[in-house]
Amino acid sequence: MNHLRNRLSPFLSTRRSLPTTRAPLLLLSLHRLLSATAASPSPKPFAIDEYLVSTCGLTHAQALKASKKLAHLRSPSKPDAVLAFLSALGLSRPDIAGLVAADPCFLCASVENTLAPRITELSDLGLSRAQIARLVPLARTAFRSSTIGPNLRFWLLVMGSFEKVLTTLRQKCNILGSDIEKVVKPNLALLQQYGIHACNFRNSFLPRVVTRAPEHVQAAVARIRKFGVRQDSRMFARALVVFAVHRQEKIDEKIRAFELLGWSEDNVLMAVRKMPDLLNMSKENLQRNLDFLARDVGLEIPYIVQRPVLVMYSLEGRLIPRHQLIKLLSAKGLLSDKFDLYSVFAFSEKKFLDKFMHPYKHTVPGLADAYASSCAGKVAHGTRGSAEVLLGACQ
């Protein structure tokens with residue numbers, strides 16, 4: 001505004017020297033120009049966070065996080081083109097929101113030079129547009145890479161079907177973004193030495209192993225040997241997933257949780273050999289389950305070591321409700337002492353109900369409802385009086 005006034009000041013200061021017939025018209029035009037300039041608002045800057053919420057469907061928290069990677073955008077033209085492309089492909093608004101939240105830079109991709117060529121490559125592999133639309137939200141960053149075609153072709157051969165590929169991607173395994181030659185194939189060759197072939201990858205987490213750095217997988221194999229998991233056992237592949245996916249520090253932390261509860265090194269080694277998935281549990285859940293089995297149920301460490309699956313069961317969904325029910329029936333004198341606690345927890349839900357619920361539901365009014373509430377977490381637990389709580393619910 002000041003710049004414009006400075007440019008016009010010579011004309012304004014010489015008003016008397018202008019011809020009288022033209023001066024009023026010229027001054028009126030200048031006045032209108034100045035007024036229009038002062039009245040017109042400055043163009044509103046492009047607010048990427050607002051765009052992400054209103055146009056892409058992200059939450060405010062997601063938009064705040066995603067906008068940090070898109071701060072360079074000054075207009076919605078490129079994101080608008082990407083959104084139009086995704087909508088035309090058949091992605092729903094929730095799919096688009098999930099994709100943008102996970103990979104904000106997808107909005108910066110060139111439709112003509114990047115996204116459209118990917119559609120052509122995948123179509124050449126035999127995928128329909130509907131299948132590609134299902135793939136994009138899961139492939140995310142990998143979809144923008146020129147390697148997605150060759151990588152998908154490779155994994156279709158390994159997995160055996162497009163559906164298996166999608167299942168693996170849903171497990172947060174970045175198979176389409178991994179280097180096939182430098183990472184995947186060397187790991188496959190290593191696993192084949194231990195009798196693990198591509199056919200073992202279907203319906204398993206093994207793809208997460210072969211997408212790790214080869215030196216990391218080699219170190220995992222060495223740790224498995226230390227735990228004494230036999231190469232020819234069915235637990236070897238499960239142990240490989242555990243040790244290859246988790247860092248050594250995390251595994252050591254969980255082993256310390258066992259030791260703090262009185263387990264010896266031999267106890268831990270034996271339990272992990274039988275059930276490597278123990279080390280997949282969070283330290284908090286591990287401690288809570290072990291504490292409940294020892295303190296509330298009264299199981300000794302050697303008993304649990306021989307049956308480590310007990311530690312894996314849901315505390316609220318299985319261990320506590322079944323323990324409460326057994327204690328209640330025992331307190332009423334309805335059960336003999338001739339039953340194995342392991343069976344109580346290991347039975348399928350149907351078998352457990354057939355043996356410990358249905359024969360007594362008429363003898364103990366409200367038993368079925370109380371047990372159902374306990375399974376839903378509505379009954380207090382974690383104390384030695386848990387059976388009394390369930391008993392009160394039945395009265």
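Me: Which residues does F243 touch, not counting residues up to four places away in sequence?
Reply: This is a predicted model. Neighbours up to four places away in sequence are left out of the count. The residues that F243 touches are H216, A220, R223, I224, F227, I251, V272 and L279.

Me: What share of contacts between residues at least 6 apart in sequence joins residues at least 24 apart?
Reply: Take the contacts in the protein between residues at least 6 apart in sequence. Among these, the share that joins residues at least 24 apart is 70%.

Me: Is L191 buried or exposed?
Reply: L191 is found in helix α11, residues 180-192. Its relative accessibility is 1%. Buried means under 20%. Therefore L191 counts as buried.

Me: What distance separates the C-alpha atoms of L191 and Q218?
Reply: Beyond four places in sequence, L191 touches I196, F201, L206, V209, V210, V217 and L240. Q218 lies 27 residues from L191 along the chain. Their C-alpha atoms are separated by 9.5 Å.

Me: Is R118 buried or exposed?
Reply: R118 sits in helix α7, residues 111-124. Leaving aside neighbours within four places in sequence, R118 is in contact with F143, R144, S145, S146 and I148. Its relative accessible area is 7%. The cut-off for buried is under 20%, so R118 is buried.

Me: Which elements give two or more residues to the lining of the largest pocket?
Reply: About 220 Å³ of space lies in the largest pocket. Its lining includes L138, A139, L169 and R170. The elements that give two or more residues to this lining are α8 (129-139) and α10 (162-170).

Me: How do the residues of the lining of the largest pocket divide?
Reply: Among the lining residues are R140, T141, A142, K172, C173, N174 and G177. The lining divides into five nonpolar, three polar and three charged.

Me: Which element gives the largest share of the lining of the second largest pocket?
Reply: The second largest pocket holds about 170 Å³ of space. Two or more lining residues come from each of α13 (214-227), α15 (248-260) and α16 (265-274). The largest share is five residues, and it comes from α15.

Me: How many residues of the lining of the second largest pocket are charged?
Reply: The lining includes R223, K226, D252, E259 and E265. It also includes F227, I251 and L269. The residues divide into five nonpolar and one polar, and the charged ones number five.

Me: Where is the pLDDT below 50?
Reply: The protein averages a pLDDT of 83, and 83% of the residues score at least 70. One stretch below 50 has 15 contacts beyond near neighbours in sequence, and this is residues 1-40. Another has 24 such contacts, and this is residues 378-389.

Terms used: Residues are numbered from 1 along each chain as its sequence is written. This is a predicted model: local features need pLDDT of at least 70, side-chain atom pairs count only at pLDDT 80 or more; totals for chains, interfaces and linings use all residues. Side-chain values use heavy atoms; hydrogens and water are left out. Contact means heavy atoms within 4.5 Å. On a 1 Å grid over the protein atoms alone, a cavity is a set of points where a 1.4 Å probe fits but cannot get out, and a pocket is an open set with protein on both sides within 12 Å along at least five of seven lines; lining residues have an atom within 4 Å of a point. Grid points are joined across faces, edges and corners, and a volume is the space filled by probe spheres set on the points. Helices (H or I, at least four residues) and strands (E, at least two) are DSSP runs, numbered from the N terminus. Ala, Val, Leu, Ile, Met, Phe, Trp, Tyr, Cys and Pro count as nonpolar, Asp, Glu, Lys and Arg as charged, and the others, Gly among them, as polar. pLDDT is the predictor's confidence in each residue, from 0 to 100. Buried means under 20% relative accessible area, exposed over 50%, partly exposed in between (1.4 Å probe, protein chains only).
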